[in-house]
Amino acid sequence: MAVVSYNPVGGDETAVVSTLGVLNALGINAFAFRGHNLKLEIQTTMPSSEKHPSTLPMWRGVKFAYLLVAMCLCPLAIGGYWAYGQLIPNGGMLAAFYTFHSRDTSRFILGLTTLFMIINAVSSFHIYAMPMFDEMESSYTLRKKKPCPWWLRATFRVMFGFLLFFVAVAIPFVGSLAGLAGGISVPVTLAYPIFYVAQGEETKNI
């Protein structure tokens with residue numbers, strides 16, 4: 001492996017370019033804590049009263065969840081930067097692992113690492129896509145005036161997954177939009193309760 005360097009990749013960058021790079025990095029960090037809008041849907045399913053409001057256990061759960069995310073991702077990011085520096089490829093840590101260690105690492109370790117990544121992606125996808133699934137099922141129920149059958153719910157999930165997979169494959173720079181998505185997630189999180197109330201949904205626990 002080549003010599004690891006921690007100097008800025010761009011070399012002689014202007015102050016504007018450096019500032020945009022910092023903001024993009026902050027957006028990527030915010031994207032790591034995605035899933036903010038699920039908090040409202042989770043909280044509305046919890047029992048709540050004036051003496052025992054659902055905001056207290058919900059706040060404890062949110063703090064624990066964010067702490068757990070930080071404990072998992074921050075050491076990985078710091079260790080990856082320490083190990084690879086400027087050599088980190090566009091594909092991230094997994095691409096770096098295969099690029100620099102595929103010849104001196106057993107296939108079992110490589111396969112196990114990939115398997116863990118697949119489990120993480122498959123598990124988190126259903127959680128973060130839950131608002132979209134709920135929106136599709138609610139639209140069907142409002143139009144047809146009847147509950148959404150199980151086979152149609154499964155079809156919605158499969159087709160939505162195929163659509164996102166097609167977009168991810170067809171647009172090669174999707175990973176570069178992580179900073180933008182993270183920056184958008186913060187104001188969307190603040191605006192979502194307003195839309196939630198405007199649609200006349202249950203808002204007692206908000």
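Residues are numbered from 1 along each chain as its sequence is written. Because the model is predicted, local features need pLDDT of at least 70 and side-chain atom pairs count only at pLDDT 80 or more, while totals for chains, interfaces and linings use all residues; side-chain values use heavy atoms, with hydrogens and water left out. The pLDDT is the predictor's confidence in each residue, from 0 to 100. Its average over the protein chain is 76, and 73% of the residues score at least 70. Helices are DSSP runs (H or I, at least four residues), as are strands (E, at least two), and both are numbered from the N terminus. Among the elements of the protein chain, the lowest mean pLDDT, 62, belongs to helix α2 (residues 38–44), and the highest, 87, to helix α7 (residues 150–170).

An unreviewed UniProt entry lists residues 15–33, 64–84, 108–129, 150–171 and 177–198 under "transmembrane region". UniProt positions are given in the numbering used here, feature names are shortened, and annotations may be inferred rather than shown by experiment. In the model, residues 64–84 are 100% helix and 0% strand, with the end C-alpha atoms 30 Å apart. Residues 108–129 are 95% helix and 0% strand, and their end C-alpha atoms lie 31 Å apart.

Helix α5 (residues 107–128) and helix α6 have axes that come within 5 Å and cross at roughly 50°. Axes are lines fitted to C-alpha atoms, for helices over the stretch in contact, and angles run from 0 to 180 degrees between N-to-C directions. The two helices, α5 and α6, are therefore oblique to each other (angles under 35 degrees count as roughly parallel, over 145 as roughly antiparallel, 65 to 115 as roughly perpendicular and the rest as oblique). On the α5 side the contact (heavy atoms within 4.5 Å) is made by Phe-125, His-126, Ile-127 and Tyr-128, and on the α6 side by Met-130, Pro-131 and Phe-133.

Three aromatic pairs were found in a search of the whole structure. Rings of Phe, Tyr and Trp (its six-membered ring) pair if their centres lie within 6.5 Å; planes under 30 degrees apart count as stacked, over 60 as edge-to-face and the rest as tilted. One of the pairs joins Phe-97 and Tyr-98 edge-to-face, at 6.2 Å centre to centre and 85° between the planes. Another, Phe-133 with Phe-160, is also edge-to-face, at 5.7 Å centre to centre and 80° between the planes. This second pair links distant parts of the chain, since Phe-133 lies in helix α6 (residues 130–144) and Phe-160 in helix α7, 27 residues apart. Relative accessible area (1.4 Å probe, protein chains only) defines buried as under 20%, exposed as over 50% and partly exposed as in between. Phe-133 is buried at 1% relative accessibility, and Phe-160 is buried at 15%.

Glu-137 is also placed in helix α6 and counts as buried at 16% relative accessibility. Leaving aside neighbours within four places in sequence, Glu-137 is in contact with Cys-148, Arg-153, Phe-156 and Arg-157. Met-132, found in helix α6, is partly exposed at 38% relative accessibility.

Lys-145 is in the loop between α6 and α7 and is exposed, at 69% relative accessibility. Phi of Lys-145 is near 60°, a positive value in a residue other than glycine. Most residues other than glycine have a negative phi.
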